[in-house]
Amino acid sequence: MTSISPDGRGVDSALDPSPEQIRDMGARAVEWIAGYHDSIRDLPIAPRTSAAALKELLGEPLPVEGRDFADLLTAFREVVVPGSRHNGHHRFFGYVSAPGTAVAAVADFLASALNANLTAWRSAPAPAEVEHVAIDWIKEAIGCAPDAGGLFMSGGSMANLTALAAARHRHCGDAVATHGAAAHPAPLRVYASTETHHSIHKAAALLGIGRANVREIPVDARFRMDVDALVRAVEEDRAAGAEPFCVVANAGTVVTGAVDPLAEIAVVARRYGLWMHVDACYGGFARLAPSARPLFDGMAEADSIALDPHKWLYLPADCGCLIYRDPEAARPAFSLDADYTRVVQTEPAEAFAFWDYGPDLSRRFRALKVWMTLAHAGSRAVGDAIEGNLDRARHLAGLVDASADFELLAPVELSIFCFRYLPPSARAGAWSRVDEEELDRLNERIMVALQQAGSSYLSNATVNGRFALRGCVLNYRTTRRDMEILLDDVRRAAKQVTGETR
């Protein structure tokens with residue numbers, strides 16, 4: 001549509017382009033997307049660039065006059081794309097990062113065009129219903145009861161913070177919400193394993209609970225929470241006058257992918273009246289894979305579950321999710337009346353407000369890409385893809401165990417693997433602490449060389465005090481052959497760093 005000039009004539013505007021201009025911009029963008037998906041395997045994973053070089057190419061004063069879209073798309077193709085790390089590459093194993101899907105990219109485009117603000121049902125009736133449907137599908141996927149509820153958020157860190165806020169309010173009531181943490185007479189305690197994501201400690205700090213009041217529970221040889229140690233910690237704290245109120249269990253730790261004994265932790269939570277929260281941001285959707293499903297027994301008994309659809313539902317960021325077993329138990333932590341948010345509808349479904357269950361007022365239409373991806377692909381295809389990711393990690397573990405120059409540093413529970421390279425001098429299997437420290441430094445140099453080479457990408461972790469080459473398979477494109485290429489790439493990086501000739 002055209003804009004109207006002061007003299008009443010229609011004129012095209014960069015803010016309000018004509019339908020023809022929109023079609024042209026869309027066609028150019030879609031053409032690039034199709035080519036990118038077709039060629040991503042052939043791209044170097046990480047750029048060889050610097051902040052200074054990128055600033056030189058991109059930096060400029062605030063534009064007074066606009067530029068043609070074609071010029072901007074050229075800058076995107078020639079500067080932004082080559083200067084990006086390609087997380088959708090078949091051998092990008094760094095961190096916990098999904099490749100995204102084409103249908104979800106289109107859904108994000110459509111959601112941005114519609115620009116619905118999902119504060120409440122009245123603000124966006126159909127988008128709100130789409131979110132309810134998508135949440136229902138997620139509940140079914142992870143085995144929750146039909147009366148559970150939830151909402152989408154920016155990511156797992158915000159979901160974890162929100163869950164702890166709900167747990168604190170259930171324990172402390174309105175006094176802390178009104179007067180602050182000082183209104184509560186005793187220190188609060190949160191329990192989490194030593195493998196728990198740092199966002200739990202961050203949430204405790206932001207909520208006034210305090211990082212020091214997150215009591216870390218030791219883990220077993222599989223990096224799962226020691227439930228007996230949890231019970232001892234709770235009883236010690238109660239005897240000392242502290243108030244245990246929440247336990248955080250992991251359904252896929254970020255370092256090794258370990259899944260805590262969820263059913264056993266649920267028993268302890270019930271015994272001591274603790275809010276049980278499960279951080280399932282990485283691993284929760286692996287319940288769709290038959291071989292992993294038993295690991296998640298007990299997860300549905302949790303009071304809250306944090307998930308990241310932008311991980312193992314393969315969606316582009318950002319899209320986190322929080323599920324409440326009893327939404328009304330969480331509502332008092334967030335419900336706050338203001339005249340400008342007063343709901344006048346009387347039908348319960350139409351009076352629903354997302355702001356009653358989380359901290360956000362303005363919320364983008366994240367649900368569309370969840371709904372569209374699951375509706376387009378189906379849960380079977382997603383489950384098969386996850387099963388394939390688990391198989392690739394197990395295949396890598398088998399290759400490492402069968403090799404003379406690699407060592408697995410942790411069991412492969414889901415699709416995360418941690419290993420290290422062993423030079424000939426270390427392959428006898430007995431070396432000193434000094435040798436271990438040198439081995440750590442060697443593997444760090446190998447990781448940097450691997451990342452710079454661009455064929456495969458691993459990140460790092462510390463496992464039992466040792467530096468690990470860490471990878472996570474979270475890509476429906478990755479094959480067993482890619483795992484074999486990865487080890488060849490690591491060997492190549494090791495030769496480059498050590499100068500070995502064999």
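Me: In this predicted model, a residue counts as buried under 20% relative accessible area, as exposed over 50%, and as partly exposed in between. Is asparagine 464 buried or exposed?

Reply: Asparagine 464 is located in the loop between β12 (459-463) and β13 (466-472). Its relative accessible area is 65%. Because the class begins over 50%, asparagine 464 is exposed.

Me: What is the phi of asparagine 464, which is not a glycine?

Reply: Most residues other than glycine have a negative phi. Asparagine 464 has a positive phi although it is not a glycine, with a value of about 50 degrees.

Me: Which loop contains asparagine 115?

Reply: Asparagine 115 is not a glycine, yet its phi is positive, at about 55 degrees. With a relative accessible area of 61%, asparagine 115 is exposed. The residue belongs to the loop between α4 (102-114) and α5 (125-142).

Me: What is the omega of the peptide bond that joins alanine 317 and aspartate 318?

Reply: Most peptide bonds are trans. Aspartate 318 is placed in the loop between α11 and β9. The bond joining alanine 317 to aspartate 318 is cis, and its omega is about 5 degrees.

Me: How many residues apart are aspartate 318 and arginine 366?

Reply: A salt bridge joins the side chains of aspartate 318 and arginine 366, at 3.2 Å from N to O. This pair links distant parts of the chain: aspartate 318 is in the loop between α11 (309-312) and β9 (320-324), and arginine 366 is in the loop between α12 (327-330) and α13 (367-377). The number of residues by which they are apart is 48.

Me: Is arginine 366 buried or exposed?

Reply: Its partner in the salt bridge, aspartate 318, is partly exposed at a relative accessible area of 25%. Arginine 366 has a relative accessible area of 9%. Because that class covers values under 20%, arginine 366 is buried.

Me: Which helix holds both glutamate 438 and arginine 441?

Reply: The side chains of glutamate 438 and arginine 441 form a salt bridge of 3.1 Å, N to O. Glutamate 438 is partly exposed at 34% relative accessible area, and arginine 441 is partly exposed at 42%. The two are three residues apart, about one turn of the helix, and both lie in α15 (residues 433-453).

Me: What is the relative accessibility of asparagine 443?

Reply: Asparagine 443 is also found in helix α15. Its C-alpha is 8.6 Å from that of leucine 422, a residue 21 positions away in sequence. Asparagine 443 counts as buried because its relative accessibility is 0%.

Me: What is the N to O distance in the salt bridge of arginine 491 and aspartate 488?

Reply: Both residues lie in helix α16 (residues 480-498), three residues apart, about one turn of the helix. Arginine 491 is partly exposed at 27%, and aspartate 488 is partly exposed at 32%. Their side chains meet at an N to O distance of 3.5 Å.

Me: What distance separates the C-alpha atoms of glutamate 484 and leucine 396?

Reply: Glutamate 484 lies in helix α16 and is partly exposed, with a relative accessible area of 28%. Leucine 396 is 88 residues from glutamate 484 along the chain. Their C-alpha atoms are separated by 7.4 Å.

Me: How much accessible area do Leu57, Leu58 and Val80 have together?

Reply: Valine 80 is in helix α3 (residues 69-80) and is partly exposed, at 33% relative accessibility. Patch members need over 30% relative accessible area. Leu57, Leu58 and Val80 form a nonpolar surface patch whose accessible area comes to about 260 Å².

Me: Which element gives the most to the lining of the second largest pocket?

Reply: The second largest pocket holds about 530 Å³ of space. Of its 22 lining residues, the closest to the centre are Pro332, Ala333, Phe334, Ser335 and Leu336. The elements that contribute two or more residues to this lining are α6 (156-172) and α7 (174-179). The most, four residues, come from α6.

Me: How many residues of the lining of the second largest pocket are nonpolar?

Reply: The lining of the second largest pocket includes four charged and five polar residues. The number of nonpolar residues in this lining is 13.

Terms used
Residues are numbered from 1 along each chain as its sequence is written. This is a predicted model: local features need pLDDT of at least 70, side-chain atom pairs count only at pLDDT 80 or more; totals for chains, interfaces and linings use all residues. Side-chain values use heavy atoms; hydrogens and water are left out. On a 1 Å grid over the protein atoms alone, a cavity is a set of points where a 1.4 Å probe fits but cannot get out, and a pocket is an open set with protein on both sides within 12 Å along at least five of seven lines; lining residues have an atom within 4 Å of a point. Grid points are joined across faces, edges and corners, and a volume is the space filled by probe spheres set on the points. Ala, Val, Leu, Ile, Met, Phe, Trp, Tyr, Cys and Pro count as nonpolar, Asp, Glu, Lys and Arg as charged, and the others, Gly among them, as polar. Patches are made of residues with over 30% relative accessible area and no salt bridge: like charges are joined within 9 Å, nonpolar side chains (Val, Leu, Ile, Met, Phe, Trp, Tyr) within 5 Å. Accessible areas come from the Shrake-Rupley method with a 1.4 Å probe; for residues, only the protein chains shown count as cover. A salt bridge is a side-chain nitrogen of Lys or Arg within 4 Å of a carboxyl oxygen of Asp or Glu. Buried means under 20% relative accessible area, exposed over 50%, partly exposed in between (1.4 Å probe, protein chains only).
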